[in-house]
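Hi everyone, thanks for making time today. Please have a look at the model on the screen, and then I'll walk you through some parts of it.

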Amino acid sequence: MSTQPQDQTARMLEMLDNLKADKYPLREYKYIGEKIPRRLDGLAKASGQADYTMDVQLPGMLHMRLLMCPYPHAKILRMDTARAEKLPGVRYVLRYDDPEVRKAEIVGKTAVFFGDLDRPLSGVAHMEGELVGAAVAAETEAIAEEALSLIEIDWEQRPFNLDPVAASDPSAPLSFPERYTDGNHLNRGVYDELSHGDIKKGFAEADRVVEFSFKRTANTWVGPERPCGVWKWNGDSPEIWLKHQRVHLPKSRIADWFGGIPMSKIEIHSLYQGASFGGWCQIDWNLGPLWCAACVSKRVGRPVKYTFNRREDFFGGSMDEGTYFVKVGFKNDGTITAADAVLYHVNCIWPVFGPALHLHDNTQIKNLHGQSKSIWVNKGHTVPTRCEMLPPVLTQTMIFGRVASELGMDPTEVAIKNDGCMGHDMEWARQEKVKRGFPERDSLKECIEQGKAGFKWEESWHLPGARKLPNGRMQGVGFNWTHEWDDSAGSGEFAIRIERTDGTATLMAMGADNGVDAESTYCQIAADELGFLLKDVNYNPQVYRGFYRMTPDSSTNMSVNGWAVRHAARILRQKILESATSPSSTTQRGSFQPAFPNTKPDEMDIKNSLIYVKSDPTRQMSVADFVRLAGEAGPFSTNEYLGARVGWSEPLFASGYQVQYRAWTSDNPRPTFCRQAHFMEVEVDTETGEVIVTRVVNVNDVGKVINRMSCEGQQYGGSIMGVSRAKFEEVVHDPVTGVILNGNLLDYKIATIKDLGPIGTILVETGMGYGPYGLTGIGEDVATVVPGLLPLAVHNAIGVWIEDLPITPDKILKALGKI
Amino acid sequence: MNKETTKMTCPYCGETHDSAEGLKGHVFKMHKGRGLPSAEGRIKLTINKAEHTFHVKPDWTLYYLIHDKLGLTGAKQFCDRGACGSCTMIVDGKPVLSCMILAIECDGKTVETVEGIAAAGHPLIEAYVNNHAMQCGYCTPGFVVTSKALLDINQDPTEEEIVEALSGNLCRCSTYPQHPIAVKEAAGKLRAAK
């Protein structure tokens, strides 16, 4: 018997937690790299047949609405739910002081770093929108809503904080006195500093030192589908529908609820997702409503669906909110000698992505210091929102933009001068590439060259404030860059089985379709690895089959999941060839003849869903025929009625997995070699303050393109979302009452189809990613990098720095001294 | 009808008449073929070419009726106040925000939803699939319906006309650049089929 299956498993183990170039790529690709239509989800989504959790209706289902605190900081002194309970149509009112609610732990063994997210309903709120008081279940959503308004509460309103710098002052009131009693700076000594070298020395060596600060006000995810979920008990087994992009995380929390529920009894339906962009899915607190639904469902014996309304989706935001203080030292030739950045970070529950992280990852700056102070104020949590790299990317962008403008240098030259890895120069990076088996390519140079050509940079760039257009507006351009990160630090597993009767391949892994078409991408990899036609490979993550893949895919998880599906496919392919040639199908009554007798597995191949002998391709059998007889005949497959044994094949199934550890900490064992570069042009109307973004060009070195249209889609989507965040988006809080003033889509503006000119999409493939075939991720990158382009382009247009995002017309006019 | 009220009001257009005969004459002349007015709350709708009769509450929006009661869940509620276009349906030939119309106002009207457009094999569907004019898909039905309404009146739109027509549809995943491509492709197929 061939040892090939062991080889493929051994190869999988060899590539676990990969630190080097892919040693075993395919020699040729058929589907990988091609433009494929939205073959799995496109028809359902375009025709309105795609179901989302918000659409779920079950027989007997109750609707739940939750009481959310209307104040930024308040305690319930007295609550009377009698009128709500009596309203016709109300079936249950669950109170925060219910004994079961008091004892409940939503998060259980695994807690987020900061904040109090563990109780489903609280009696004290530290933010507007915190779940407090009560959850009401009624026959209709309207009745539940009306019941909430009938709950009478005496509140003790407390002083509150909204600004992180002010809240860090020792004289500021405590934002969360129950837990943090000695001030509002929560993460002292925890993920708060990153440094290398000696910044004092670095500043001393500089020809110039510049200090500045900038601010990013609150902005949020605006997921089209609001948070919602449905809980149904089937006996003691929960059946759940949940809008969540990381479905396996809720499942593992739920396993600790109600005294413990075996994972094998929990079924979660992961329907199509109306996008989350991180957001709620990072907050275990979003499981509080689900717990309430579960508790009430148990008590009344009916399924319960909870929903948030649009305003309630605004309680929480992106983790770039805060005030950044920066000091940078540099030589007259553009070499940066030292950089120091301190971020007063609003409510960051995961302060691992400090302001200096990208400067550490992808420059040769020898002396670096970054500090992230997570300051608790009375707003919602800030979490990764497409994505968590916003603070370090914004910091790097502003630093490089400043240095270039101070020196009057082309910013692309400043970038190349400082490109490197972890404080080392490009020669060190080259040696690392050689050591790890990567091609010796200079990704940043290639990205910049292609971007400059596509953008016509040479004729567009000028010194700040130097170009007035015939239409009276000031033209400006901006450029920024960073590495093309693949930040998945986790593990994923995939299984593949060959269906009986038609021999099609079913991919299996629990996940969530949040729109990036990753499901098609996994099928492309599996098809090329198995040798199947793409139409014969399918994947529906909504069908609950166990295994889990690293999610969300929009967070650059292709490197982990791509490995996992490739491993599974290679192991399965070998199993198919073994099965087709093996005489091992021996029973107590004799053997079945193999489909290809007197042949060894390594003499066989699979192409276009056909199994064939390499030396004589006329000896072939479709995979469908190979598995068909056992499937079609079913229990009669061993029938010898016709005097001969019909063929038989064993079940064909394999699984694979991958782990990737410590991808985004300062001791990241993977120096990042792939880069991205972005270019933006604006026109600034100096009379109205309006900024028109006329075009953007994105260049992303993804290492290896798998799903070309999906990659381009991320470039389009990221550009528009990036411009939207930088130009329009801010959650406005009333300084007097502390409440959100614009929690709706008329007053919180997101970009429309008219808000951005043409978007150029350039994909570079250097093969220097740690994923299979040399790939790295793209899903988070563009939306995170593009926002920082706007202040650079505006400065180039008008010669004035606007250091307060979003850049709204009033800020332009103020900067120009017009108001 | 009390003593003080001698006016007879047309149930279709609200015009008043002094007598029942006058009203009857008006109804036959102006609203012939409309049938008898429905009992309060009863409405007739032709949805995707199929006739339906509903008993609706006065505060039901057209969206709520079609999405929650009839179960055609293609249209979605992204915003809560007519800002996003995700609930768009074609009513009497015009694209409308179904969350901003009361069902009770729609008696006798025709409604086209994304499901009907797809069932009729409109080339927009294939064009959207081929051109990746969707990501999460939540807003996609609204775009398809609005695009269809555009192509109903203009089978050779320019890119500017497509952008203008779709400017009321929000997409958070920001798939905007793909939509004009898909709409033009569908328009070409419609023209070729003529």
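Residues are numbered from 1 along each chain as its sequence is written, while chains are lettered from A and ligands numbered from 1 in the order in which they are written.

A word on confidence: pLDDT is the predictor's confidence in each residue, from 0 to 100. Chain A has a mean pLDDT of 92, with 94% of its residues at 70 or more. Over residues 1-5 of chain A, though, pLDDT stays under 50. Where pLDDT is low, the predicted coordinates should not be read in detail.

Now chain B. How many helices and strands does chain B have? There are seven helices and seven strands; helices (H or I, at least four residues) and strands (E, at least two) are DSSP runs, numbered from the N terminus. The C-alpha atoms of chain B fill a box of roughly 65 × 35 × 25 Å, taken along the principal axes. Of the 194 residues in chain B, 48% are buried. Here a residue is buried if 20 or more other C-beta atoms lie within 10 Å of its own, exposed if 12 or fewer, and partly exposed in between, with C-beta atoms placed from the backbone.

Is B:Gly14 buried or exposed? B:Gly14 is exposed, because 7 other C-beta atoms lie within 10 Å. You'll find B:Gly14 in the loop between strand 1 (8-9) and strand 2 (16-17) of chain B.

Next, helix 7 (residues 178-193) of chain B, which has 16 residues. Its buried residues include B:Pro180, B:Val183 and B:Ala187. The buried residues of helix 7 of chain B pack against helix 19 of chain A, together with helix 4 (123-130), helix 5 (140-153) and helix 6 (159-165) of chain B.

That brings us to the contact between the chains. The contact takes 38 residues from chain B and 40 residues from chain A; two residues are in contact if their C-beta atoms, placed from the backbone, lie within 7 Å. Helix 4 of chain B gives the most to the side of chain B that touches chain A, with four residues.

Finally, let's look at sheets in chain A. Four strands form an open sheet in the order 18-28-29-30, with mixed pairing. Strand 28 (residues 675-684) and strand 29 (residues 691-701) of chain A pair in the antiparallel sense over nine bridges, and the bridge partner of A:Ala677 in strand 29 is A:Val699.

Elsewhere in chain A, strand 8 (residues 208-216) runs antiparallel to strand 14 (residues 322-330), joined by nine bridges. Strand 8 of chain A also runs parallel to strand 31 (residues 804-805), joined by two bridges. There, A:Lys215 stands opposite A:Asp804.

How values were computed
Predicted model: local features only at pLDDT ≥ 70, side-chain atom pairs only at ≥ 80, totals over all residues. Pairing = 2+ DSSP bridges. Expected span 1.5 Å × (residues − 1).
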